Each structure stands twice: as structure tokens, then as C-alpha cells.
Amino acid sequence: MTATDHDLPYWIAFSRVPTVGRVRIGLLEERFGSLKAAWEASGSELGASGLTAGVVRAIEQVRRVVEPERELELVRNANVTVLTWHDSDYPRAFRNIDDPPPILYVKGTLQPDDEVRVTVVGTRNPTAYGKEVARQLSGELAESGVTIVSGLARGIDGIAHSATLKAGGRTIAVIGSGLDVVYPPEHRSLFGHIVESGAVLSEYPLGSKPEARHFPRRNRLLSGLAVGVLVVEAPRDSGARSTVEFALEQNRDVLCVPGSIHSPASELTNWLIQQGAKLVMRVEDVLEELHIGGAPRQQALPEFAEDTHEETQLLDALTHEPQHIDELSRVTGIPITQASSTLAVMEIKGSVLQVGRMNYIRARPASVR
């Protein structure tokens, strides 16, 4: 069964009734045969179908202000595709979760290759370490043919989407507002790039604001859409925790990047690893755990000479927390001009990373004596 153009306006209209979700949509379809017939039913007929008086009042209130055909016109003018759970293009992964959305609003395209998906989530306030790990793993997963799913939020989410796009991969954002309400607003450009190279999904109708209550429900879709959830960096009270809880309920794998035991930003990930989550140190850990074929495309690297004495000194002085070049010069005794040129070579070698404003972190272990 597929929702026809004749019935589709009524699916959109019912999505504007907050108290009508999966169970009640199913009930209305069963009792009335179509959502068009349910929309046109009297209040007494709706009540006789098994809906509570409060739900009937909510439907009647929306019917007074919503015109189904006009709703469909607005959606089409916004270049938004509407999928119901009867449509063949509706994501198969959602059919296997306990609370599938009856209707999905889609901007962009969903493709068969998107079946191999990994959700990347984490804190909105990542450290330099978390940012770099999110970029690296998301980019390498994308290079391996994995579609990256995230929530378009500040921090790890935005980094995961951006790194995937930079790697030429596909990414899907699942948001907690209407597709015409970009949140956070600074991700408007990123939203547009995702639409061009993937898709943005929402179960909320156009015009829906990013209300706090939307995001925990959105998280069940973040986990449900993927074969596994990768948590890069998250404190104990992070919203990523609810995504993990949904993932476990949905029998999805949970993978975590470890962090410093002194960093509040890694409290959740370290705790989840203690509880049995897969510890991730490299992209191969994700691919192997989730039984995903393929490996990152490796670019041929030039041959470099052994590390110089200055390179070894700088590498030993660096940690995974950003250090300014002035501090590195002071600690190692290497003049700033020499330290600058040496660090530039080390960046090319991949042993250090510049994380902005002449601050550096270590990208590989210090020397072992």
C-alpha cells in the first residue's frame, strides 16, 4: 500500500496534531480505511473509533485552521518530499524500531547505498581532541563508503557532517524542527550542503520550532537509522546518552572513543566503554565491529627522513591538549622561528596537528626511549 496523492494531504494534516502519533495513526487507518476518511469523520465518529475525548478535541481544533490541500502545496513549494510508512522509499531501518514515524519530511535524496549508515554523535562543546577525532573518523568512514548520520547540532554533529562532505561522502541529518526552520541558525550553509550531497529528515511538519521536547524523540531516529552509533566525546549529561539508550533498545551497536580520565568531556564515553561499548581508536575498529566491508582510501605518502632531534623534542613536549608555539619554544628551548618551521614539517608528516592560532596537539605517540 502506498499513500496516494489523494490521501497524502491528510497525512500531512494529521502530522500537525501533536497527540496523534504512530499508534493513533494506525488506529485511524484501521477504523476508517484512509486518513482522508478519518479527517472528514465527525467528532462522534472519531470518539467511537477509540480515541479519547482530548485527542478528538485536538483533531477538531487543528481541522478548523488547517486545509490539507494547502499543506501539500506548501510542502511541494518548499521542495520537500513526504514519505509515509507505506511508501517504498521509506527507510527500511525505521520499519524495525518500536516507534517508527508514520510520516517523514525529506529534503535531498535517500539512496539505496545509504543502507550502510553509522550515526556519529557527541557533545556540543568538544575539546580540540574531540574535534580532531570526529573529523578523522567521520572522513575515513565516508571514504569507506559509509553514510554518516548525525543531528546537525553544534559541536560533534556539525563536525561529522562537514568532514563527511569534505571527504566526498554522503551524510544524513535528522533534525527536531520543520525542514524550513534551520537550527542552529549558523548551520544554514551546512544544511544546504547536506541537501546537495545527502538528505535532511524530520518527522515534524513545516514551521515546527526546535522545541526541547522534540530532541529526545529525534534521537530514536538517529540511532534507528544506522547499524551502529559512534560516540566521539560526551559528558555524563550529554544528549548523546539518550541516543545510546535508544540504540541499545533497538539492538544497535554502540562504539565509543576513549578520552582522558581527567576530562569531563569524556565521562560518558569512558563509562560506556566500562559497560561494554566497543572502544574505538581507528576507523578499522568501527568497520570490523559493524562488519562493514571496505577500507579507507589511503593516499600515497612521501618518504620522510627519520625525525630530527628538534622534532623528537617537540613531539615529546606535545600532548592531546592544545599548546601554543610560544610555550613549546619555552619548554624545549627551540627558538620560535626554528620551532615554527619544524612544526610545519611535522604537520606534513602527520605527527602533529595545528588546531588554530598556532596551537598544536600530538597526532601520534611520543618517542620511546
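Where in the chain is V181 found? V181 sits in the loop between β5 (171–174) and α9 (188–196), with helices (H or I, at least four residues) and strands (E, at least two) taken as DSSP runs and numbered from the N terminus.

## Ground rules

This is a predicted model, in which local features need pLDDT of at least 70 and side-chain atom pairs count only at pLDDT 80 or more, while totals for chains, interfaces and linings use all residues. Residues are numbered from 1 along each chain as its sequence is written, and side-chain values use heavy atoms, with hydrogens and water left out.

## The chain as a whole

The chain has 16 helices and 12 strands. Its C-alpha atoms fill a box of roughly 85 × 40 × 35 Å along the principal axes. Of the 369 residues, 51% are buried; here buried means under 20% relative accessible area, exposed means over 50%, and partly exposed is in between (1.4 Å probe, protein chains only).

Contacts are counted for heavy atoms within 4.5 Å. Among those between residues at least 6 apart in sequence, 70% join residues at least 24 apart. The accessible surface of the chain comes to about 17,600 Å², and 50% of this belongs to carbon and sulfur atoms; accessible areas come from the Shrake-Rupley method with a 1.4 Å probe, and for residues only the protein chains shown count as cover.

## Around V181

Back to the residue we started with. V181 counts as buried because its relative accessibility is 16%. Leaving aside neighbours within four places in sequence, V181 is in contact with I175, G207, S208 and P210. For a sense of scale, V181 and Q274 are 93 residues apart in sequence and 39 Å apart in space, C-alpha to C-alpha.

The loop between β5 and α9 also holds P184. The peptide bond leading from Y183 to P184 is cis, with omega near 0 degrees.

Rolling a probe the size of a water molecule over the atoms shows where empty space is left. The grid has 1 Å spacing over the protein atoms alone: a cavity is a set of points where a 1.4 Å probe fits but cannot get out, a pocket is an open set with protein on both sides within 12 Å along at least five of seven lines, and lining residues have an atom within 4 Å of a point. Grid points are joined across faces, edges and corners, and a volume is the space filled by probe spheres set on the points.

A search of the whole structure finds one cavity of 30 Å³ or more. The largest cavity has a volume of about 60 Å³, and its lining includes I175, Y183 and P210. That lining divides into six nonpolar, three polar and two charged residues, where Ala, Val, Leu, Ile, Met, Phe, Trp, Tyr, Cys and Pro count as nonpolar, Asp, Glu, Lys and Arg as charged, and the others, Gly among them, as polar.

## The second largest pocket

About 580 Å³ of space lies in the second largest pocket. Its lining counts 28 residues, and S15, V17, P18, V20 and Y204 are the ones nearest the centre. Three helices, α1 (8–14), α2 (22–32) and α10 (214–224), each supply at least two lining residues. By type, the lining of this pocket has 13 nonpolar, six polar and nine charged residues.

## Salt bridges

Side chains of opposite charge can pair when their charged atoms come close. The structure holds 15 salt bridges, each a side-chain nitrogen of Lys or Arg within 4 Å of a carboxyl oxygen of Asp or Glu. K36 and E40 form one of them (2.8 Å, N to O); they are separated by about one helical turn, because they lie four residues apart in helix α3 (residues 35–40).

R70 and E73 form another, with the closest N and O atoms 3.3 Å apart. These two are three residues apart in helix α6 (residues 68–77), so about one helical turn separates them. E73 is partly exposed at 41% relative accessible area, and R70 is partly exposed at 40%. E211 and R213 also meet in a salt bridge (2.8 Å, N to O). Salt bridges that share partners join R22, D99, E203, R217 and R220 into one network.

## Positive phi values

Phi of N251 is near 60 degrees; N251 lies in the loop between α11 (240–249) and β8 (253–256) and is exposed, with a relative accessible area of 71%. Phi of H291 is near 55 degrees; H291 lies in the loop between α13 (283–289) and α14 (309–317) and is exposed at 73%.
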